[in-house]
Amino acid sequence: MIAALAALLPAAALGAQNALGESLLSHGRIAAAESAFVRAIADHAPDSLMASVNLARLHFNRGERDRAMKEFDRFIDVYNNAGGTLTSTELTAVGIACQYLGRDRPDLFKDALKAFDRAIMLDPANLHAKIAVGELFLEKYNSADAQTAFEEVLAANPKEPRALLGEAKRRIFDSRPGVDSLISRALEINPNFSEAHIQRAQMLLEIEEYAPAQKEVERALAINPASSEALAVQAAIRYVTGDTKGYEETRQRALALNPANAEFYVTMSSAASRIRLYAVAASFALQGIEADPKNWEAHALLGMNQLRLGKMKEGRSSLEASFLGDPYSVWIKNTLDLLDTFGNYDEVADGKYTTMIEKSESQLFSIYLRDLSERAYATFQQRYQFTPPPPIRIEVYKSHADFSVRTVGLAGLGALGVSFGTTLAFDSPAAKDAGPFNWGSTVWHELAHTFTLGLTEQHVPRWLSEGLSVYEEHHARPGWGSNVSVEFLDAFTAGKLVPVSRMNDGFMRPAYPEQVILSYHQASVVCDLIARDYGEKALLQMLLEYKAGHTTAEVFQKVFGMDLKAFDKKFDAYMRERYAGPLAALKDSLKAGTETPAAELLAQANALPRSYRIQMLAAVTLAKAGQVDAAITLLERARDLFPEYGGTDSPYAGLAALYTTKGDTKKATEALSQYVLHNETDYPLHLELAKLRTAAGDKAGAADALDRALYIDPYDIAVHQQLAELFQGVGDKAKTVRERRAVVALVPADKSESYYQLALAYHENSEDLNARKTLLRSLEEAPNYVKAQELLLQIVDGKKP
């Protein structure tokens with residue numbers, strides 16, 4: 001069709017040759033496109049300047065970078081010598097040339113914007129220039145102005161495919177919904193818009209939907225067989241699916257079109273890092289740099305992946321090179337700024353681990369982190385029969401914003417911890433901007449990733465890795481990890497939980513804001529089902545099958561002898577069986593509100609004793625009205641209807657408060673004891689439980705409650721002092737030492753006494769060398785401190801405690 005059109009064009013058809021060249025290029029007819037551009041230039045066609053920039057771009061994308069940059073550079077002279085006579089289209093061409101020149105001189109991106117703006121001033125209907133503005137802003141990380149540009153174009157022409165795709169990419173950048181619909185609209189308007197097919201393929205690749213991604217790539221290549229972007233995505237699909245031969249064939253095809261195709265390796269690096277193959281991603285990024293040393297994105301990808309691998313010095317060097325060439329990247333700027341703060345951290349290398357903790361809390365936090373990480377390591381090493389390569393790097397951030405930057409380069413990440421394999425990062429409990437959370441279960445969760453990712457060589461799908469990490473939290477300590485909630489069961493009833501066959505969608509393509517959080521718990525329930533029906537060995541077998549390169553469908557068939565659809569039905573039945581009581585109790589929707597009179601609510605609650613929601617609403621209203629006994633009755637009903645629910649709005653906390661009001665401390669203790677088995681973050685009520693147990697003479701129980709509380713907030717010196725006394729009272733000498741160390745780390749007012757108490761704990765635990773050193777510290781604070789002197793003499797004399 002295009003060839004026939006070219007043959008019909010008369011030599012005098014000025015302006016048609018450039019348009020023909022663009023059409024030929026979009027269909028992979030590179031040589032013919034080049035001839036058309038050359039002819040347009042030779043004929044001095046009205047759009048010969050646009051033909052010149054198109055020719056330069058063709059040379060650039062063919063790997064003739066030096067030639068192309070010289071061609072782009074001529075546009076500076078064109079602009080300077082034009083004396084304001086350039087047309088809107090010609091100014092658009094100047095802007096495009098300046099955009100390419102910006103890779104050598106970043107200041108020229110501003111000149112590109114000026115040229116586009118002038119083009120639009122001369123011709124407000126020049127949508128090509130407006131789209132170029134949006135794409136330039138997005139390329140330079142300015143999504144707000146990109147959005148404005150694309151919206152202006154779409155307001156003028158809602159059916160502009162390139163603007164629809166640009167807005168889709170902007171929404172991807174901002175993690176906003178609506179991307180799929182925009183790409184679908186673009187393809188409805190122009191089914192041969194190869195760039196839209198490529199974008200859809202990339203999105204499918206990111207969520208590990210490889211077969212549909214391959215179909216989209218094939219559609220793109222059918223339109224444009226020479227599309228370097230499509231070939232790169234196809235190569236990525238083949239690589240991550242283990243098709244080594246297919247990957248190499250595609251790579252050779254792409255490099256035959258452009259031997260200096262750094263973007264090919266950038267795409268490969270991005271795809272590898274998305275599925276946590278960070279070493280592979282770094283290798284691809286390095287190949288990209290070798291292909292084109294001025295590809296700043298390749299430098300950035302190399303640096304970010306080096307940091308994820310714990311190669312901090314090398315990573316910083318790579319990021320500095322990237323930022324020098326592209327000073328607009330907010331991700332790289334933020335990450336370099338964060339690296340500048342690392343001098344405020346203590347970094348300690350100790351056998352299996354390298355820990356990095358802010359100096360102000362490293363002495364305290366390391367006491368607990370070391371013990372917890374060692375226990376987790378031993379647990380996972382035995383369960384998964386795998387030993388990660390040392391060292392495991394653990395970074396603890398006192399600011400949630402800093403942790404977020406470390407993870408994705410921007411503040412605002414919703415997660416509390418992240419595992420890159422053998423490099424972990426998470427919030428310190430001092431990160432108040434993170435909100436209340438259990439740092440102990442977070443550490444356990446992230447270390448589990450180290451083992452599941454390592455064992456499978458990063459081939460485990462995200463849903464299973466996350467599900468196993470939550471599963472491990474549940475088994476580490478009762479109450480740890482996400483628990484079943486009203487929202488979770490409501491989502492199940494409403495059909496808003498994804499089936500197991502599409503579990504990755506819940507994490508990587510959430511359909512509503514809460515879906516990711518719900519998917520964490522759902523994935524752990526899948527692991528519960530597997531462990532119940534097939535044993536925990538089946539979980540390990542799944543990981544080994546993923547390591548061997550099998551797909552999820554193949555893994556389920558081999559391990560469970562059933563296809564994914566059959567397992568979907570099995571999981572649905574399991575959910576209905578496991579949560580039969582709570583599901584039935586939640587099926588009734590409320591027909592009353594907080595404004596409904598207490599008496600009417602009580603009548604409804606008694607009429608519907610199996611309705612959890614009405615019991616809770618009526619109980620809260622009655623409690624506020626002072627009707628304590630009636631409120632207790634309803635809360636007890638609600639508790640029995642949904643005993644596993646431990647949210648802050650669950651019956652347990654309310655019951656404890658009302659029992660206490662009535663002076664029934666025994667029942668209050670029982671309520672809170674159940675509560676902490678389903679809630680890992682309510683610090684005040686953990687302390688209240690410890691208080692009640694202490695009053696009842698239950699030292700071991702009080703110690704357990706306070707010990708749990710430390711994994712929420714370890715900074716209250718009084719809690720450590722009390723816990724030290726409780727552990728001493730129950731004869732736990734090692735933990736008495738731990739708590740006395742914590743008191744010292746928190747810099748108490750009476751340092752000499754705190755050192756003395758720590759020395760005494762060391763002595764009673766047969767650690768006399770540590771005891772002597774600590775007593776000397778006590779005497780440095782108070783040289784005449786008699787108790788310290790006497791204990792030191794006892795130790796020197798060899799007297800036993």
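What follows is a short tour, from the overall picture down to single residues.

## The big picture

First things first: this is a predicted model. The protein has 801 residues, and 53% of them count as buried. Along the principal axes, the C-alpha trace spans about 105 × 70 × 55 Å.

## Two helices side by side

A pair of packed helices is described by the angle between the axes and the distance between them. Here, helix H16 (residues 262-274) and helix H18 (residues 296-308) have axes that come within 10 Å and cross at roughly 25 degrees. Angles under 35 degrees count as roughly parallel, so that is the label for H16 and H18. The crossing of H16 past H18 is left-handed.

Which residues meet where these helices touch? From H16 come Glu263, Val266, Ser269, Ser270 and Ser273, and they meet Glu297, Ala298, Leu301, Asn305 and Arg308 of H18.

## Rings and charges

The model holds 37 aromatic pairs. One of them is Tyr239 with Tyr247: the ring centres are 5.3 Å apart and the planes stand at 75 degrees, so this pair is edge-to-face. Are the two partners buried or exposed? Tyr239 is partly exposed, at 31% relative accessible area, while Tyr247 is buried, at 8%. Phe342 and Tyr345 also make an edge-to-face pair, with 5.7 Å from centre to centre and 65 degrees between the planes. Phe342 is buried with a relative accessible area of 15%, and Tyr345 is buried with 8%.

Lys140 puts its charged end over the ring of Phe109, 4.2 Å from the ring's centre. Lys352 lies over the face of Tyr377, at 4.9 Å from the ring centre.

## A closer look at Leu453

Leu453 belongs to helix H23, which covers residues 439-455. Is Leu453 buried or exposed? Its relative accessibility is 1%, and buried means under 20%, so Leu453 counts as buried.

What does Leu453 touch? Leaving out residues up to four places away in sequence, the list is Arg276, Ser419, Gly421, Gln458, Val460 and Ser465. As for Lys313, it is 140 residues from Leu453 in sequence, and the two are 24 Å apart in space, C-alpha to C-alpha.

Most residues other than glycine have a negative phi, and most peptide bonds are trans. A few spots here go the other way. The peptide bond from Pro390 to Pro391 is cis, with omega near -5 degrees. Pro391 sits in the loop between helix H21 (359-384) and strand E3 (392-397).

Ser175 is not a glycine, yet its phi is positive, near 55 degrees. You'll find Ser175 in the loop between helix H10 (161-173) and helix H11 (179-189), and it is exposed, at 62% relative accessible area. Glu457 also has a positive phi, near 55 degrees. Its place is the loop between H23 and helix H24 (462-476), where Glu457 is partly exposed, with a relative accessible area of 44%.

Conventions: Residues are numbered from 1 along each chain as its sequence is written. This is a predicted model: local features need pLDDT of at least 70, side-chain atom pairs count only at pLDDT 80 or more; totals for chains, interfaces and linings use all residues. Side-chain values use heavy atoms; hydrogens and water are left out. Rings of Phe, Tyr and Trp (its six-membered ring) pair if their centres lie within 6.5 Å; planes under 30 degrees apart count as stacked, over 60 as edge-to-face and the rest as tilted. Buried means under 20% relative accessible area, exposed over 50%, partly exposed in between (1.4 Å probe, protein chains only). A charge sits over a ring if NZ of Lys or CZ of Arg is within 6 Å of the ring centre and within 35 degrees of the ring normal. Helices (H or I, at least four residues) and strands (E, at least two) are DSSP runs, numbered from the N terminus. Contact means heavy atoms within 4.5 Å. Axes are lines fitted to C-alpha atoms, for helices over the stretch in contact, and angles run from 0 to 180 degrees between N-to-C directions. Angles under 35 degrees count as roughly parallel, over 145 as roughly antiparallel, 65 to 115 as roughly perpendicular and the rest as oblique. A crossing is left-handed if the near helix is turned anticlockwise from the far one by less than a right angle, and right-handed if clockwise.
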